[in-house]
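Here are my notes on the two-chain model you asked about. Have it open while you read.

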Amino acid sequence: MDNDILLQINDLHAAAGEKEILRGIDLTIRKGEIHAVMGPNGAGKSTLSAVLTGKPEYTVTSGSATFMGKDLLAMKPEERSWAGIFMSFQYPIEIPGVTITNFMKTAINSKRKAQGIEPMKAAEFLKLLRSKMAFVKMKPEFAKREVNVGFSGGEKKRNEIFQMAMLDPVLSILDETDSGLDVDALKIVADGVNSLRTPLKASIIITHYQKLLEYIEPDYVHVLKAGKIVATSGKELVGEIEAEGFDKF
Amino acid sequence: MEGNGRYVETPGGRYVDIPVKSGPDTLVVKAGTAFNRSYVINAGSSVSMPANHIIVEEGSLTDICIIIMPGVDADIPITVDLIGEGSDFSLSGIYICGSEERVSLETVVRHRVPGCKSNQHFNGIVSGTARTDFFGRIIVAPDAQKTEAYQVNRNILLSDKAKVNTKPQLEIYADDVKCSHGATIGRLDEEAQFYMRSRGIPLEEAKVLQMLSFISPVLNHIRNSAEREVVAKDIDEAIRKIL
(Lines give C-alpha, C1' and ligand atoms only; values in the text may rest on other atoms or scores of the structure.)
Protein backbone atom coordinates (compact mmCIF):
# COMPACT_ATOMS: atom_id res chain seq x y z
CA MET A 1 0.00 0.00 0.00
CA ASP A 2 1.05 3.52 -0.77
CA ASN A 3 1.46 5.15 2.65
CA ASP A 4 1.24 8.64 1.27
CA ILE A 5 -2.35 8.23 0.21
CA LEU A 6 -4.86 10.08 2.39
CA LEU A 7 -8.01 9.75 0.33
CA GLN A 8 -8.69 7.12 -2.28
CA ILE A 9 -11.96 7.29 -4.19
CA ASN A 10 -12.81 4.51 -6.66
CA ASP A 11 -15.70 4.58 -9.12
CA LEU A 12 -17.95 6.43 -6.68
CA HIS A 13 -21.61 6.77 -7.60
CA ALA A 14 -24.01 8.73 -5.42
CA ALA A 15 -27.58 9.90 -5.58
CA ALA A 16 -29.84 12.44 -3.92
CA GLY A 17 -33.16 10.64 -3.71
CA GLU A 18 -33.71 8.93 -7.07
CA LYS A 19 -31.39 11.21 -8.94
CA GLU A 20 -27.86 9.97 -9.63
CA ILE A 21 -25.44 12.87 -9.35
CA LEU A 22 -21.98 11.31 -9.06
CA ARG A 23 -21.39 8.84 -11.88
CA GLY A 24 -18.07 7.24 -11.23
CA ILE A 25 -15.54 9.45 -9.47
CA ASP A 26 -11.92 8.31 -9.25
CA LEU A 27 -9.61 10.46 -7.19
CA THR A 28 -6.41 9.91 -5.25
CA ILE A 29 -5.16 12.50 -2.80
CA ARG A 30 -1.76 12.18 -1.21
CA LYS A 31 -0.20 13.92 1.76
CA GLY A 32 1.05 17.40 0.98
CA GLU A 33 -1.19 17.93 -2.04
CA ILE A 34 -3.73 20.60 -2.87
CA HIS A 35 -6.38 19.60 -5.38
CA ALA A 36 -8.74 22.01 -7.05
CA VAL A 37 -12.05 20.67 -8.31
CA MET A 38 -13.68 22.94 -10.83
CA GLY A 39 -16.79 22.56 -12.89
CA PRO A 40 -19.99 24.18 -14.01
CA ASN A 41 -23.10 24.47 -11.83
CA GLY A 42 -24.83 21.15 -11.31
CA ALA A 43 -21.72 19.10 -12.09
CA GLY A 44 -21.79 17.40 -8.68
CA LYS A 45 -19.12 19.43 -6.89
CA SER A 46 -21.13 20.03 -3.74
CA THR A 47 -22.44 16.46 -3.82
CA LEU A 48 -18.88 15.21 -3.77
CA SER A 49 -18.08 17.18 -0.62
CA ALA A 50 -21.41 16.19 0.96
CA VAL A 51 -20.75 12.49 0.31
CA LEU A 52 -17.20 12.74 1.67
CA THR A 53 -18.51 14.26 4.91
CA GLY A 54 -21.49 11.91 5.23
CA LYS A 55 -24.47 14.18 4.69
CA PRO A 56 -27.54 11.99 5.36
CA GLU A 57 -29.57 13.06 2.28
CA TYR A 58 -27.08 11.46 -0.10
CA THR A 59 -26.81 7.76 -0.82
CA VAL A 60 -23.71 6.12 -2.18
CA THR A 61 -24.99 3.64 -4.75
CA SER A 62 -21.65 2.03 -5.65
CA GLY A 63 -17.92 2.47 -5.45
CA SER A 64 -15.63 3.07 -2.48
CA ALA A 65 -13.79 5.75 -0.57
CA THR A 66 -11.07 5.17 1.98
CA PHE A 67 -9.46 7.73 4.25
CA MET A 68 -6.04 6.80 5.64
CA GLY A 69 -6.82 3.20 4.79
CA LYS A 70 -10.21 3.11 6.56
CA ASP A 71 -13.60 2.74 4.90
CA LEU A 72 -14.77 6.34 4.92
CA LEU A 73 -18.29 5.56 3.79
CA ALA A 74 -18.93 3.36 6.84
CA MET A 75 -18.11 6.24 9.22
CA LYS A 76 -20.61 8.63 10.79
CA PRO A 77 -20.12 12.34 10.05
CA GLU A 78 -18.67 12.94 13.53
CA GLU A 79 -16.27 10.01 13.14
CA ARG A 80 -15.03 11.49 9.86
CA SER A 81 -14.34 14.72 11.70
CA TRP A 82 -12.43 12.87 14.43
CA ALA A 83 -10.42 11.10 11.72
CA GLY A 84 -9.32 14.52 10.44
CA ILE A 85 -11.73 15.54 7.69
CA PHE A 86 -13.12 19.05 7.68
CA MET A 87 -15.48 20.70 5.24
CA SER A 88 -15.96 24.43 4.96
CA PHE A 89 -19.64 24.77 4.06
CA GLN A 90 -20.79 26.65 1.01
CA TYR A 91 -23.77 27.82 3.05
CA PRO A 92 -22.80 27.76 6.74
CA ILE A 93 -25.70 26.89 9.04
CA GLU A 94 -27.05 29.08 11.84
CA ILE A 95 -27.29 27.50 15.28
CA PRO A 96 -29.45 29.79 17.40
CA GLY A 97 -28.61 29.86 21.09
CA VAL A 98 -25.24 28.14 20.74
CA THR A 99 -22.24 30.45 21.09
CA ILE A 100 -19.09 30.00 19.02
CA THR A 101 -17.18 29.33 22.24
CA ASN A 102 -19.56 26.62 23.39
CA PHE A 103 -19.74 25.13 19.88
CA MET A 104 -15.97 24.84 19.52
CA LYS A 105 -15.46 23.65 23.09
CA THR A 106 -18.02 20.88 22.53
CA ALA A 107 -16.44 19.98 19.18
CA ILE A 108 -12.90 19.75 20.52
CA ASN A 109 -13.87 17.89 23.65
CA SER A 110 -16.10 15.45 21.76
CA LYS A 111 -13.09 14.41 19.70
CA ARG A 112 -10.93 14.14 22.80
CA LYS A 113 -13.60 12.04 24.50
CA ALA A 114 -13.75 9.72 21.49
CA GLN A 115 -9.97 9.37 21.68
CA GLY A 116 -10.02 8.78 25.43
CA ILE A 117 -8.34 12.10 26.22
CA GLU A 118 -9.44 14.41 29.05
CA PRO A 119 -11.32 17.60 28.12
CA MET A 120 -9.09 20.52 27.21
CA LYS A 121 -8.37 22.81 30.15
CA ALA A 122 -10.35 26.05 30.04
CA ALA A 123 -7.28 28.29 29.92
CA GLU A 124 -5.68 26.28 27.15
CA PHE A 125 -8.92 26.35 25.17
CA LEU A 126 -9.33 30.11 25.51
CA LYS A 127 -5.76 30.68 24.41
CA LEU A 128 -6.31 28.52 21.33
CA LEU A 129 -9.62 30.23 20.58
CA ARG A 130 -8.10 33.70 20.80
CA SER A 131 -5.11 32.89 18.66
CA LYS A 132 -7.20 31.31 15.90
CA MET A 133 -9.70 34.16 15.95
CA ALA A 134 -6.85 36.60 15.57
CA PHE A 135 -5.45 34.50 12.75
CA VAL A 136 -8.65 34.87 10.69
CA LYS A 137 -9.07 38.49 11.86
CA MET A 138 -12.33 37.78 13.67
CA LYS A 139 -13.20 40.30 16.37
CA PRO A 140 -12.94 38.81 19.88
CA GLU A 141 -16.59 39.60 20.62
CA PHE A 142 -17.58 36.95 18.08
CA ALA A 143 -16.65 34.31 20.68
CA LYS A 144 -19.92 35.09 22.44
CA ARG A 145 -22.05 35.34 19.31
CA GLU A 146 -24.46 32.58 18.37
CA VAL A 147 -23.00 30.46 15.57
CA ASN A 148 -23.58 32.25 12.24
CA VAL A 149 -26.70 34.02 13.53
CA GLY A 150 -26.87 37.46 11.96
CA PHE A 151 -23.43 37.03 10.34
CA SER A 152 -22.76 38.60 6.95
CA GLY A 153 -21.72 36.30 4.11
CA GLY A 154 -18.06 37.16 4.63
CA GLU A 155 -18.28 36.67 8.41
CA LYS A 156 -19.79 33.22 7.92
CA LYS A 157 -16.94 32.14 5.63
CA ARG A 158 -14.39 33.57 8.02
CA ASN A 159 -16.04 31.56 10.78
CA GLU A 160 -15.61 28.43 8.66
CA ILE A 161 -11.89 29.07 8.29
CA PHE A 162 -11.67 29.82 12.02
CA GLN A 163 -13.25 26.43 12.79
CA MET A 164 -10.88 24.77 10.35
CA ALA A 165 -7.93 26.35 12.15
CA MET A 166 -9.33 25.27 15.53
CA LEU A 167 -9.88 21.65 14.51
CA ASP A 168 -6.59 21.38 12.60
CA PRO A 169 -7.78 18.80 10.06
CA VAL A 170 -5.67 16.42 7.97
CA LEU A 171 -7.87 16.87 4.92
CA SER A 172 -9.78 20.10 4.44
CA ILE A 173 -12.48 20.41 1.83
CA LEU A 174 -13.49 23.93 0.88
CA ASP A 175 -16.86 23.88 -0.82
CA GLU A 176 -17.08 27.11 -2.80
CA THR A 177 -15.76 29.00 0.19
CA ASP A 178 -14.71 31.77 -2.16
CA SER A 179 -18.12 32.57 -3.63
CA GLY A 180 -19.29 36.03 -2.71
CA LEU A 181 -16.08 37.03 -0.95
CA ASP A 182 -14.14 40.25 -1.46
CA VAL A 183 -10.38 40.17 -1.96
CA ASP A 184 -9.55 40.74 1.72
CA ALA A 185 -11.74 37.86 2.83
CA LEU A 186 -10.35 35.72 0.04
CA LYS A 187 -6.83 36.31 1.33
CA ILE A 188 -7.89 35.21 4.81
CA VAL A 189 -9.30 32.00 3.36
CA ALA A 190 -6.12 31.48 1.37
CA ASP A 191 -3.93 32.10 4.44
CA GLY A 192 -5.98 29.54 6.32
CA VAL A 193 -5.51 26.90 3.68
CA ASN A 194 -1.85 27.73 3.13
CA SER A 195 -1.17 27.48 6.86
CA LEU A 196 -2.33 23.88 6.70
CA ARG A 197 -0.08 23.22 3.75
CA THR A 198 2.30 20.80 5.36
CA PRO A 199 3.84 17.59 4.03
CA LEU A 200 1.31 15.60 6.10
CA LYS A 201 -1.93 17.33 5.14
CA ALA A 202 -4.00 17.92 2.05
CA SER A 203 -6.83 20.11 0.79
CA ILE A 204 -9.57 19.94 -1.80
CA ILE A 205 -10.65 23.32 -3.10
CA ILE A 206 -14.01 23.20 -4.83
CA THR A 207 -14.72 26.30 -6.85
CA HIS A 208 -15.96 27.55 -10.13
CA TYR A 209 -13.91 30.69 -10.15
CA GLN A 210 -10.17 30.89 -10.60
CA LYS A 211 -9.72 33.84 -8.21
CA LEU A 212 -9.00 31.83 -5.06
CA LEU A 213 -6.48 29.74 -6.96
CA GLU A 214 -4.38 32.84 -7.49
CA TYR A 215 -3.71 32.76 -3.75
CA ILE A 216 -3.66 29.01 -3.21
CA GLU A 217 -1.58 27.26 -5.80
CA PRO A 218 -3.04 23.81 -6.49
CA ASP A 219 -0.89 20.81 -7.37
CA TYR A 220 -3.71 19.29 -9.40
CA VAL A 221 -6.78 20.68 -11.08
CA HIS A 222 -9.72 18.45 -11.91
CA VAL A 223 -12.68 19.28 -14.07
CA LEU A 224 -15.92 17.76 -12.81
CA LYS A 225 -18.74 17.56 -15.28
CA ALA A 226 -21.98 15.60 -15.18
CA GLY A 227 -20.80 13.63 -12.15
CA LYS A 228 -17.44 12.56 -13.56
CA ILE A 229 -13.91 13.90 -13.56
CA VAL A 230 -13.34 14.60 -17.23
CA ALA A 231 -9.91 16.22 -17.10
CA THR A 232 -6.99 16.33 -14.67
CA SER A 233 -3.90 18.44 -15.04
CA GLY A 234 -1.58 20.84 -13.25
CA LYS A 235 -2.36 24.41 -12.31
CA GLU A 236 -2.08 25.49 -15.97
CA LEU A 237 -5.57 24.08 -16.43
CA VAL A 238 -6.98 26.97 -14.39
CA GLY A 239 -5.98 29.51 -17.02
CA GLU A 240 -7.34 27.32 -19.77
CA ILE A 241 -10.73 27.09 -18.03
CA GLU A 242 -10.74 30.81 -17.41
CA ALA A 243 -10.08 31.51 -21.10
CA GLU A 244 -12.30 28.89 -22.68
CA GLY A 245 -14.91 27.84 -20.12
CA PHE A 246 -16.02 24.29 -19.34
CA ASP A 247 -17.64 23.55 -22.71
CA LYS A 248 -14.53 22.09 -24.27
CA PHE A 249 -14.31 19.28 -21.72
CA MET B 1 -66.81 33.10 36.56
CA GLU B 2 -67.68 35.78 34.08
CA GLY B 3 -71.30 35.71 35.21
CA ASN B 4 -70.87 38.27 38.00
CA GLY B 5 -69.09 40.79 35.79
CA ARG B 6 -70.22 44.14 34.52
CA TYR B 7 -70.38 44.58 30.76
CA VAL B 8 -68.59 47.51 29.16
CA GLU B 9 -69.17 48.14 25.48
CA THR B 10 -65.99 49.27 23.71
CA PRO B 11 -65.02 49.78 20.07
CA GLY B 12 -63.01 46.59 20.46
CA GLY B 13 -66.00 44.58 21.65
CA ARG B 14 -67.73 43.81 24.92
CA TYR B 15 -65.40 43.82 27.92
CA VAL B 16 -66.51 41.90 30.98
CA ASP B 17 -65.34 43.71 34.11
CA ILE B 18 -65.11 41.08 36.83
CA PRO B 19 -64.39 42.35 40.34
CA VAL B 20 -61.05 41.32 41.82
CA LYS B 21 -61.65 38.93 44.63
CA SER B 22 -58.98 37.34 46.71
CA GLY B 23 -59.38 33.86 48.05
CA PRO B 24 -57.35 31.41 50.14
CA ASP B 25 -55.13 30.67 47.11
CA THR B 26 -54.39 34.28 46.30
CA LEU B 27 -50.87 35.61 46.35
CA VAL B 28 -50.64 39.39 46.68
CA VAL B 29 -47.49 41.06 45.45
CA LYS B 30 -47.61 44.22 47.55
CA ALA B 31 -47.02 47.68 46.19
CA GLY B 32 -43.37 48.47 45.64
CA THR B 33 -42.12 44.99 46.49
CA ALA B 34 -40.41 42.30 44.44
CA PHE B 35 -41.36 38.65 44.25
CA ASN B 36 -38.96 36.27 42.48
CA ARG B 37 -39.44 32.56 42.71
CA SER B 38 -38.89 29.45 40.68
CA TYR B 39 -40.78 26.23 41.18
CA VAL B 40 -39.25 22.96 40.02
CA ILE B 41 -41.74 20.14 39.83
CA ASN B 42 -40.11 16.72 39.74
CA ALA B 43 -41.78 13.35 39.36
CA GLY B 44 -42.84 12.07 42.75
CA SER B 45 -42.11 15.27 44.60
CA SER B 46 -44.77 17.61 45.84
CA VAL B 47 -43.95 21.23 45.23
CA SER B 48 -46.66 23.64 46.18
CA MET B 49 -47.38 25.78 43.20
CA PRO B 50 -47.61 29.49 43.34
CA ALA B 51 -51.13 30.45 44.15
CA ASN B 52 -53.47 30.00 41.22
CA HIS B 53 -54.49 33.61 41.66
CA ILE B 54 -52.01 36.46 41.83
CA ILE B 55 -52.82 40.09 42.56
CA VAL B 56 -50.14 42.50 41.45
CA GLU B 57 -50.07 45.90 43.11
CA GLU B 58 -48.61 49.24 42.13
CA GLY B 59 -44.95 49.47 41.22
CA SER B 60 -44.17 45.86 42.08
CA LEU B 61 -41.89 43.46 40.29
CA THR B 62 -42.80 39.78 39.91
CA ASP B 63 -40.82 37.04 38.23
CA ILE B 64 -42.17 33.52 38.52
CA CYS B 65 -40.66 30.56 36.68
CA ILE B 66 -42.21 27.09 36.69
CA ILE B 67 -40.19 24.09 35.57
CA ILE B 68 -41.99 20.84 34.93
CA MET B 69 -39.62 17.90 34.71
CA PRO B 70 -40.24 14.61 32.86
CA GLY B 71 -42.66 12.17 34.46
CA VAL B 72 -44.95 14.85 35.86
CA ASP B 73 -48.63 15.19 35.11
CA ALA B 74 -49.67 18.73 35.85
CA ASP B 75 -52.73 20.88 35.53
CA ILE B 76 -51.86 24.45 36.34
CA PRO B 77 -54.35 27.29 36.05
CA ILE B 78 -53.09 30.76 36.96
CA THR B 79 -55.08 33.97 36.92
CA VAL B 80 -53.27 37.27 37.34
CA ASP B 81 -54.83 40.63 38.14
CA LEU B 82 -52.66 43.65 37.55
CA ILE B 83 -54.37 46.25 39.74
CA GLY B 84 -51.63 48.82 40.43
CA GLU B 85 -50.03 51.09 37.88
CA GLY B 86 -46.39 50.71 36.91
CA SER B 87 -46.11 47.05 37.87
CA ASP B 88 -44.00 44.57 35.99
CA PHE B 89 -45.09 40.95 35.93
CA SER B 90 -43.35 37.97 34.39
CA LEU B 91 -44.53 34.38 34.32
CA SER B 92 -42.39 31.85 32.53
CA GLY B 93 -42.08 28.14 32.32
CA ILE B 94 -40.40 25.08 30.89
CA TYR B 95 -41.96 21.68 30.45
CA ILE B 96 -40.09 18.57 29.41
CA CYS B 97 -42.19 15.52 28.69
CA GLY B 98 -40.64 12.27 27.57
CA SER B 99 -43.23 9.52 27.95
CA GLU B 100 -46.94 9.71 28.60
CA GLU B 101 -47.29 12.91 30.61
CA ARG B 102 -50.30 15.18 30.48
CA VAL B 103 -49.43 18.80 31.09
CA SER B 104 -51.95 21.58 30.97
CA LEU B 105 -51.19 25.24 31.56
CA GLU B 106 -53.86 27.86 31.56
CA THR B 107 -53.06 31.48 32.20
CA VAL B 108 -55.25 34.54 32.31
CA VAL B 109 -53.46 37.85 32.69
CA ARG B 110 -55.76 40.82 33.23
CA HIS B 111 -54.39 44.30 32.79
CA ARG B 112 -56.90 46.37 34.75
CA VAL B 113 -54.96 49.61 35.11
CA PRO B 114 -52.70 51.66 32.86
CA GLY B 115 -48.94 51.45 32.49
CA CYS B 116 -48.22 47.84 33.49
CA LYS B 117 -46.04 45.35 31.76
CA SER B 118 -46.58 41.61 31.58
CA ASN B 119 -44.48 38.96 29.93
CA GLN B 120 -45.24 35.27 29.57
CA HIS B 121 -42.77 32.87 28.05
CA PHE B 122 -43.28 29.11 28.03
CA ASN B 123 -41.03 26.66 26.16
CA GLY B 124 -41.70 22.96 26.02
CA ILE B 125 -40.00 19.83 24.72
CA VAL B 126 -42.48 17.05 24.13
CA SER B 127 -41.71 13.44 23.27
CA GLY B 128 -43.12 9.94 23.66
CA THR B 129 -46.91 9.94 23.73
CA ALA B 130 -47.13 13.01 25.96
CA ARG B 131 -49.73 15.66 25.47
CA THR B 132 -49.47 19.30 26.43
CA ASP B 133 -52.01 22.09 26.35
CA PHE B 134 -51.24 25.74 26.68
CA PHE B 135 -54.08 28.21 26.90
CA GLY B 136 -52.91 31.72 27.48
CA ARG B 137 -55.16 34.75 27.61
CA ILE B 138 -54.22 38.36 27.92
CA ILE B 139 -57.07 40.73 28.67
CA VAL B 140 -56.46 44.46 28.52
CA ALA B 141 -59.25 46.50 30.09
CA PRO B 142 -60.56 49.65 28.35
CA ASP B 143 -58.79 51.91 30.88
CA ALA B 144 -55.48 50.05 30.80
CA GLN B 145 -53.72 52.35 28.36
CA LYS B 146 -49.94 52.13 27.87
CA THR B 147 -50.07 48.43 28.65
CA GLU B 148 -47.26 46.25 27.38
CA ALA B 149 -48.24 42.59 27.28
CA TYR B 150 -46.36 39.78 25.60
CA GLN B 151 -46.84 36.07 25.44
CA VAL B 152 -44.85 33.34 23.71
CA ASN B 153 -45.27 29.58 23.70
CA ARG B 154 -42.67 27.59 21.78
CA ASN B 155 -42.61 23.83 21.47
CA ILE B 156 -40.27 21.21 20.13
CA LEU B 157 -41.96 18.00 19.19
CA LEU B 158 -39.63 15.00 19.27
CA SER B 159 -42.04 12.23 18.44
CA ASP B 160 -44.85 11.64 15.99
CA LYS B 161 -47.07 10.30 18.74
CA ALA B 162 -46.73 13.27 21.07
CA LYS B 163 -49.26 16.04 20.87
CA VAL B 164 -48.93 19.75 21.50
CA ASN B 165 -51.89 22.03 21.69
CA THR B 166 -51.31 25.73 22.03
CA LYS B 167 -53.79 28.56 22.00
CA PRO B 168 -52.67 32.07 22.78
CA GLN B 169 -55.42 34.67 22.97
CA LEU B 170 -55.40 38.43 23.14
CA GLU B 171 -58.41 40.49 24.16
CA ILE B 172 -57.62 44.14 23.92
CA TYR B 173 -60.16 46.81 24.81
CA ALA B 174 -57.76 49.75 25.15
CA ASP B 175 -56.31 51.47 22.11
CA ASP B 176 -52.88 52.64 23.18
CA VAL B 177 -51.08 49.39 24.01
CA LYS B 178 -48.22 47.21 22.87
CA CYS B 179 -49.20 43.57 22.83
CA SER B 180 -48.03 40.50 21.03
CA HIS B 181 -48.45 36.78 21.25
CA GLY B 182 -47.05 33.88 19.37
CA ALA B 183 -46.90 30.14 19.36
CA THR B 184 -44.64 27.73 17.49
CA ILE B 185 -44.39 23.98 17.22
CA GLY B 186 -41.30 22.66 15.49
CA ARG B 187 -38.71 19.96 15.30
CA LEU B 188 -34.96 20.01 15.81
CA ASP B 189 -33.22 21.39 12.73
CA GLU B 190 -31.45 18.52 10.96
CA GLU B 191 -29.23 20.80 8.88
CA ALA B 192 -27.83 22.23 12.10
CA GLN B 193 -27.32 18.70 13.42
CA PHE B 194 -25.28 17.74 10.38
CA TYR B 195 -23.25 20.93 10.68
CA MET B 196 -22.40 20.11 14.29
CA ARG B 197 -21.61 16.48 13.47
CA SER B 198 -19.26 17.60 10.71
CA ARG B 199 -17.32 19.40 13.46
CA GLY B 200 -17.09 16.24 15.52
CA ILE B 201 -20.09 16.69 17.81
CA PRO B 202 -21.96 13.37 18.05
CA LEU B 203 -25.62 13.40 17.02
CA GLU B 204 -26.96 12.96 20.56
CA GLU B 205 -24.77 15.76 21.86
CA ALA B 206 -25.88 17.97 18.98
CA LYS B 207 -29.51 17.38 19.95
CA VAL B 208 -28.75 18.17 23.59
CA LEU B 209 -27.08 21.44 22.55
CA GLN B 210 -30.10 22.36 20.43
CA MET B 211 -32.52 21.64 23.24
CA LEU B 212 -30.50 23.45 25.89
CA SER B 213 -30.28 26.50 23.67
CA PHE B 214 -34.04 26.31 23.16
CA ILE B 215 -34.64 26.26 26.91
CA SER B 216 -32.02 28.80 27.87
CA PRO B 217 -34.01 32.04 27.28
CA VAL B 218 -36.62 30.88 29.80
CA LEU B 219 -34.01 29.67 32.24
CA ASN B 220 -32.62 33.17 32.40
CA HIS B 221 -35.77 34.19 34.25
CA ILE B 222 -34.34 32.47 37.31
CA ARG B 223 -32.51 35.43 38.73
CA ASN B 224 -30.47 33.67 41.38
CA SER B 225 -27.47 32.34 39.47
CA ALA B 226 -26.69 29.52 41.92
CA GLU B 227 -30.28 28.33 41.71
CA ARG B 228 -30.23 28.69 37.93
CA GLU B 229 -27.13 26.51 37.66
CA VAL B 230 -28.71 23.76 39.72
CA VAL B 231 -31.84 23.82 37.56
CA ALA B 232 -29.75 23.94 34.36
CA LYS B 233 -27.89 20.82 35.45
CA ASP B 234 -31.16 19.00 36.22
CA ILE B 235 -32.56 20.02 32.85
CA ASP B 236 -29.42 18.79 31.08
CA GLU B 237 -29.90 15.37 32.73
CA ALA B 238 -33.63 15.33 31.99
CA ILE B 239 -33.04 16.10 28.32
CA ARG B 240 -30.49 13.32 27.95
CA LYS B 241 -33.00 10.89 29.46
CA ILE B 242 -35.79 11.66 27.01
CA LEU B 243 -33.61 11.56 23.88
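This is a predicted model: local features need pLDDT of at least 70, side-chain atom pairs count only at pLDDT 80 or more; totals for chains, interfaces and linings use all residues.

1. Residues are numbered from 1 along each chain as its sequence is written, and chains are lettered from A and ligands numbered from 1 in the order in which they are written.

2. Start with the sheet in chain B: 6 strands, open, parallel pairing, order 4-6-8-10-12-14. Strand 4 (34-41) and strand 14 (178-186) of chain B each have a single partner strand, so one side of each has no neighbour in the sheet. Twist from one strand to the next averages 5°.

3. Now zoom in on B:Ile96, which sits in strand 8 (residues 88-97) of chain B. Is B:Ile96 buried or exposed? It's buried, because 27 other C-beta atoms lie within 10 Å (20 or more is buried, 12 or fewer exposed, in between partly exposed, with C-beta atoms placed from the backbone). Strand 8 of chain B pairs with strand 10 (residues 117-126) of chain B over 10 bridges, in the parallel sense, and B:Ile125 is the bridge partner of B:Ile96 in that strand. Leaving out residues up to four places away in sequence, B:Ile96 also has contacts including B:Ile68, B:Pro70, B:Ala238 and B:Ile242 (contact: C-beta atoms, placed from the backbone, within 7 Å).

4. Helix 3 (residues 225-242) of chain B packs on that sheet, touching strand 4, strand 6 and strand 8 of chain B, at about 30° to the direction of strand 8. Angles run from 0 to 180 degrees between N-to-C directions, with axes fitted to C-alpha atoms, for helices over the stretch in contact.

5. Helix 1 (residues 190-198) and helix 2 (residues 203-219) of chain B have axes that come within 9 Å and cross at roughly 125°. That makes the pair oblique (under 35 degrees is roughly parallel, over 145 roughly antiparallel, 65 to 115 roughly perpendicular, the rest oblique).

6. Finally, the contact between chains takes 20 residues from chain A and 15 residues from chain B. On the chain A side, helix 2 (77-83), strand 7 (95-99), helix 3 (100-114) and helix 5 (153-167) of chain A each give at least two residues.

Conventions. Two residues are in contact if their C-beta atoms, placed from the backbone, lie within 7 Å. Helices (H or I, at least four residues) and strands (E, at least two) are DSSP runs, numbered from the N terminus. Two strands pair if DSSP finds at least two bridges between them.
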